[in-house]
Amino acid sequence: PPQSQPTQLLQHHLVASITSVLTMISNLLTYTTEYSARLRRYLASQTILLQNLVLPYALFLCDALEAPPPSTDDADEYLHSCVRQLLYIVKVLSFVTFRVKFFRPWFRENNFTTRLLCSDVLMSSNLKTEIVALLVRLNINIDVADDAAQRPDQVLVQFRSVWEGMSQKEQNKLGCVLNSPVEIMYPVNKFSKSYKELKYMWGKPDHELSESLQSCASDTPETPDDGTFKFTFDFSPGSAFFKEPATCAP
């Protein structure tokens, strides 16, 4: 049944509040490198924020992407908002799962990665490459390839399918995101079995990396129309990427 205006307004403010919290945490983990490890450990083991808010909301967004799109004028905006919020969620999760096995059962039971990689909405989004890069880091940190109960073959095959379905330009862009100097901000367990299985996502070997990054830097970055943070490819010293803080979604 149609919802009343106060109910719709309440839902709007609730979504905006959750998005703002996720954006804030995401930015803190990324930019406060001195305290990022402490914050990551706190979020993983000393607060129920992830279990009570982030993980249930992640499932809600997965359901929203899999459901028939709403028959409203703002349907595209709604789906884009869901994808954008999943970007923040996966980014936070890719941080807090580093060397933390506590969340493995949740990803196993909810088939989280495969659901996202199979989402037509997400895979056709302009945020596709950034989310795939974050999912790669996330699955390395939970070491999906070393968890037989998590059906690793299914997840790894889906990653390969998505990668092979990308154009050469998209593959290069994914390699640029994973190989960028900003990579140091994202903890990745490079001693894991999953890193070896997914290393092809990084693309070119180290001696070709400089040329690849130059190519990325010359690309015209996409600017979101909602004022929220989005990855760009200007990695020069003093660039806006390192100076300007992200803004919260309205």
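Does D143 count as buried or exposed, and what is its relative accessibility? In this predicted model, D143 has a relative accessibility of 10% and therefore counts as buried, the cut-off for that class being under 20%. The residue is located in the loop that joins helix 8 to helix 9 (152–164). Although D143 is not a glycine, its phi is positive, at about 50°.

A positive phi is also found at R99, which is likewise not a glycine; the value there is about 60°. R99 belongs to the loop between helix 4 and helix 5 (104–110). With a relative accessibility of 67%, R99 counts as exposed, since that class begins over 50%.

Helix 3 comprises residues 49–66. In general, an α-helix has 3.6 residues a turn, so residues three or four places apart point the same way.

Helix 3 packs against helix 4 (residues 75–96), with the two axes 10 Å apart and at an angle of about 140°. The two helices are therefore oblique to each other, as an angle counts as roughly antiparallel only over 145 degrees. The crossing of helix 3 with helix 4 is left-handed. On the side of helix 3, the contact is formed by L50, V54, L55, Y57, A58, F60, L61, A64 and L65. Helix 4 contributes Y78, L79, C82, V83, Q85, L86, I89, V92, L93 and V96. Classified by residue type, this contact has 18 nonpolar residues and 1 polar residue, with no charged residues.

Helix 4 also packs with helix 8 (residues 128–141), where the axes come within 9 Å and cross at roughly 30°. Helix 4 and helix 8 are therefore roughly parallel to each other, because angles under 35 degrees fall in that class. Here, too, the crossing is left-handed. The residues of helix 4 in this contact are V83, L87, V90, K91, L93 and S94, and those of helix 8 are E130, I131, L134, L135, R137, L138 and N141. The contact between helix 4 and helix 8 has 8 nonpolar, 2 polar and 3 charged residues. V83 and L93 of helix 4 are listed both in the contact with helix 3 and in the contact with helix 8.

Technical notes. Residues are numbered from 1 along each chain as its sequence is written. This is a predicted model: local features need pLDDT of at least 70, side-chain atom pairs count only at pLDDT 80 or more; totals for chains, interfaces and linings use all residues. Side-chain values use heavy atoms; hydrogens and water are left out. Axes are lines fitted to C-alpha atoms, for helices over the stretch in contact, and angles run from 0 to 180 degrees between N-to-C directions. Helices (H or I, at least four residues) and strands (E, at least two) are DSSP runs, numbered from the N terminus. Angles under 35 degrees count as roughly parallel, over 145 as roughly antiparallel, 65 to 115 as roughly perpendicular and the rest as oblique. A crossing is left-handed if the near helix is turned anticlockwise from the far one by less than a right angle, and right-handed if clockwise. Contact means heavy atoms within 4.5 Å. Ala, Val, Leu, Ile, Met, Phe, Trp, Tyr, Cys and Pro count as nonpolar, Asp, Glu, Lys and Arg as charged, and the others, Gly among them, as polar. Buried means under 20% relative accessible area, exposed over 50%, partly exposed in between (1.4 Å probe, protein chains only).
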